[in-house]
Amino acid sequence: MKLLSVVSALLIWQRSHVAASDAKQLYGTWSSKSNQVFTGPGFYDPVDELLIEPSLPGISYSFTEDGHFEQATYLVTGNAKDPSCPSAALTFQHGTYEVLDNGTLILNPITVDGRQLVSDPCNDKGISTYSRYNQTMTFNSFYVQLDSYHGMYKLQLYQFDKSLLQPLYLAYRPPMMLPTETLNPTTTSSTQATGHHKRSLRDTVRRNLENRHRTNAVKSSPKGLLNSDVFWYLSVGMIGMGSVAFLSC
């Protein structure tokens, strides 16, 4: 009985503290439960330096096997004084990551590439603030396991103070990411600023739609469940067939 208790304790420790040799488990794109926020060109357009607002709040992290990461977060914060005036923040970062021997995960962003858009519609000026963003992130530990309830792999991150971050679920593998090198070098950005022209709304939307398909990432779905895209096409097909049958009557 004592030996069984020791073995159980070791298994729990191993699940909660992934060693550096197990960093490969991070490989892929992970997204929170809303399943609407993903890293990659659908969230940030580095050419126009445009942050694209998802339909719902959430967070997403992507990791490559050779030590690169990307972060996309869309957070909404309530206003206690006026519930109709929540503030929102969209944040993009990418760079390199390392896993220490004790299981600590450190994300080191590329300083000049981080961007943040903060919207506070009820502040004094009533405008959004767009700025550069750079914050090294430290997670005390993490583990990856198969979530039997959702039928998907789950990434659980523990923040620097050991508090739980909301669980993330595997969405794409290989990961859906922008290029891992520096996207907007400071000198290049300043040079382009003088000759840069503002894109029309049509061009911006077209670029967003094009960017969403520029990836070799494969969407992850629960085993035995229909992919949402397949379900959508089947639904459209059924509606079409029903319409034809109705008109022929």
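**Strands, cores and contacts in a predicted model**

Me: Which strands pair with β1?
Reply: Strand β4 (residues 58-63) pairs with β1 in the antiparallel sense over four bridges. Strand β12 (residues 168-172) also runs antiparallel to β1, and three bridges join them.

Me: Which residues stand opposite Trp30 and Ser31?
Reply: Trp30 stands opposite Tyr61 in β4, and Ser31 stands opposite Tyr169 in β12.

Me: Tyr61, then. Which ring does it pair with, and why is the pair called stacked?
Reply: There are six aromatic pairs by the rule applied here. In one of them, the ring centres of Tyr61 and Phe63 are 6.4 Å apart and the planes stand at 20 degrees, so the pair is stacked. Planes under 30 degrees apart count as stacked.

Me: Are those two buried or exposed?
Reply: Tyr61 counts as buried because its relative accessibility is 3%, under the 20% cut-off. Phe63 is buried as well, at 1%.

Me: And what is the geometry between Phe63 and Tyr97?
Reply: Their ring centres are 5.2 Å apart and their planes are at 85 degrees, so this pair is edge-to-face. Phe63 lies in β4 and Tyr97 in strand β6 (residues 87-99), so the contact ties together parts that are 34 residues apart in sequence. Tyr97 is buried, as is Phe63.

Me: Which residues make up the aromatic cluster?
Reply: Tyr61, Phe63, Tyr97 and Phe139 form one cluster.

Me: What else does Phe63 touch?
Reply: Leaving aside residues up to four places away in sequence, its contacts include Leu26, Tyr27, Gly28, Trp30, His68 and Phe69. Leu105, Leu107, Leu155, Pro175 and Met177 are also among them.

Me: How many residues are in the largest nonpolar core, and which have the most contacts inside it?
Reply: That core has 20 residues, and those with the most contacts inside it are Tyr61, Phe63, Leu105, Leu107, Leu155 and Leu157. The elements giving two or more residues to this core are β4, β6, β7 (105-109), β10 (137-147), β11 (152-159) and β12. The largest share, four residues, comes from β10.

Me: Which residues belong to the second core?
Reply: The second core is separate and has 11 residues, including Phe43, Tyr74, Leu90 and Leu183. As a general point, nonpolar side chains tend to be buried together in soluble globular proteins.

Me: Back to β6. How many of its residues are buried?
Reply: Of the 13 residues in β6, 10 are buried, and the strand is mostly covered.

Me: Which strands does β6 pair with?
Reply: Strand β5 (residues 68-77) is joined to β6 by 10 bridges, and Ala72 has Phe92 in β6 as its bridge partner. Five bridges join β6 to β8, where Ala89 stands opposite Val118. β6 also pairs with β7 over five bridges, with Gly95 opposite Pro109. The pairing is antiparallel with β5, with β8 and with β7.

Me: What about the turn in the hairpin of β6 and β7?
Reply: The hairpin has five residues between its strands, and Gly103 takes a positive phi near 90 degrees.

Me: New topic. How many salt bridges are there?
Reply: The count is one. Glu49 forms a salt bridge with Arg115, with the closest N and O atoms 2.9 Å apart. Glu49 sits in the loop between β2 (44-45) and β3 (50-51), whereas Arg115 is in strand β8 (residues 115-119), 66 residues apart.

Me: Are the two partners buried or exposed?
Reply: Arg115 counts as buried, at 1% relative accessibility. Glu49 is partly exposed, with a relative accessible area of 25%.

Definitions and conventions. Residues are numbered from 1 along each chain as its sequence is written. This is a predicted model: local features need pLDDT of at least 70, side-chain atom pairs count only at pLDDT 80 or more; totals for chains, interfaces and linings use all residues. Side-chain values use heavy atoms; hydrogens and water are left out. A salt bridge is a side-chain nitrogen of Lys or Arg within 4 Å of a carboxyl oxygen of Asp or Glu. Buried means under 20% relative accessible area, exposed over 50%, partly exposed in between (1.4 Å probe, protein chains only). Two strands pair if DSSP finds at least two bridges between them. Rings of Phe, Tyr and Trp (its six-membered ring) pair if their centres lie within 6.5 Å; planes under 30 degrees apart count as stacked, over 60 as edge-to-face and the rest as tilted. A nonpolar core is a set of buried Ala, Val, Leu, Ile, Met, Phe, Trp, Tyr and Cys residues joined through side-chain atoms within 4.5 Å. Contact means heavy atoms within 4.5 Å.
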